[in-house]
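Look at the structure first, then read on.

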Amino acid sequence: MRSVVSCFQIYPDENILQDPKLQPSTVSRGVIVEPRNHPALAAVVNNVCTTLGIPITIFCSNANLGVVTELMAAVPCVDVLVRLEHEDLRVADPSSGAGLPSFDYNTLLLSDKMFWSRIGATDSESVLIFQTDSGICGGANNSQLLEYFSRHHYCGALIEDVEGGELHVGAGGLSVRHIGMMRRLLDVNRDHQSHMHWEDILFSLWCKKDMYCSMCPVRIAHQFSIGSPRLSADTIVQQWVDKYELLVDEKSPLPWSFHKNWDGSQFYSVCPINSLVRSLNM
């Protein structure tokens, strides 16, 4: 008895493939959402301004508007302020179900109207989203490195799948994101209101399954940023090194940036700003 399997050919939409608004582009702006009067805000904003020299947008609130206004006057890169109505965007666990706040950080970044259309950049631009627990260590040529990491629509620190022994690209706390592609992913996945994942997990999952979206490879993500002490050069498991061809020897450059890489018993500092930001978050 024969079984018949129907096959079909997927034809890419040339209009999307050739749309200049959806081509990866070098990061042209930094964006931070911090409505609290956080002790590390000035340090991380100064760090991005000093190392990259790009304009910065700050999403603030009435709770820290005065502090942020003073910061805007002191740091030449800060040129756009967006005032939020909420003074504390708690990062609620989407999988916890009951007790979720009506509006949190995930909700904000999953909204075109409230976030992506208010950044102060066009759809054809990429932005560096950062938080008060992140920073740029930098390198010999930050402009070239930033261009290298911006060759994809989405690039973030690696996320560990401890049970499955896999590494995934997509931690969003410090990440490169193409505005036009993020807005497209939101439009294509309109049912995301019922999501059960963090916003960065959703965007990375959507990007991986979308034929028009480009995720940076694991190897590049490992160079871009470190988000866990278990992924540092002296502790990373050999299985991952071999599988993803990671560069971890003494001649390899340290990660370019970090995002909350002090979880766990071992703190792996990649640069002085890493230790400073950690102390301001403890």
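Helix 2 (residues 41-52) packs with helix 10 (residues 272-281) at an angle of about 155 degrees, and their axes lie 9 Å apart. Axes are lines fitted to C-alpha atoms, for helices over the stretch in contact, and angles run from 0 to 180 degrees between N-to-C directions. Helices (H or I, at least four residues) and strands (E, at least two) are DSSP runs, numbered from the N terminus.

This is a predicted model: local features need pLDDT of at least 70, side-chain atom pairs count only at pLDDT 80 or more, and totals for chains, interfaces and linings use all residues. Residues are numbered from 1 along each chain as its sequence is written, and side-chain values use heavy atoms, with hydrogens and water left out.

Helix 2 and helix 10 are therefore roughly antiparallel to each other (angles over 145 degrees count as such). Which residues meet? Ala43, Val44 and Asn47 in helix 2 meet Ile273, Leu276, Val277 and Leu280 in helix 10, where contact means heavy atoms within 4.5 Å. By class, this contact of helix 2 with helix 10 has 6 nonpolar, 1 polar and no charged residues.

The open sheet has 6 strands in the order 3-2-1-4-7-6, with mixed pairing. Two strands pair if DSSP finds at least two bridges between them. Each edge strand pairs on one side only:

| Edge strand | Residues |
|---|---|
| Strand 3 | 78-84 |
| Strand 6 | 154-161 |

The twist averages 35 degrees from one strand to the next. Strand 1 (residues 27-33) and strand 4 (residues 126-130) run parallel, joined by 5 bridges. Gly30 stands opposite Leu128 in strand 4.

Technical notes
Angles under 35 degrees count as roughly parallel, over 145 as roughly antiparallel, 65 to 115 as roughly perpendicular and the rest as oblique. Ala, Val, Leu, Ile, Met, Phe, Trp, Tyr, Cys and Pro count as nonpolar, Asp, Glu, Lys and Arg as charged, and the others, Gly among them, as polar.
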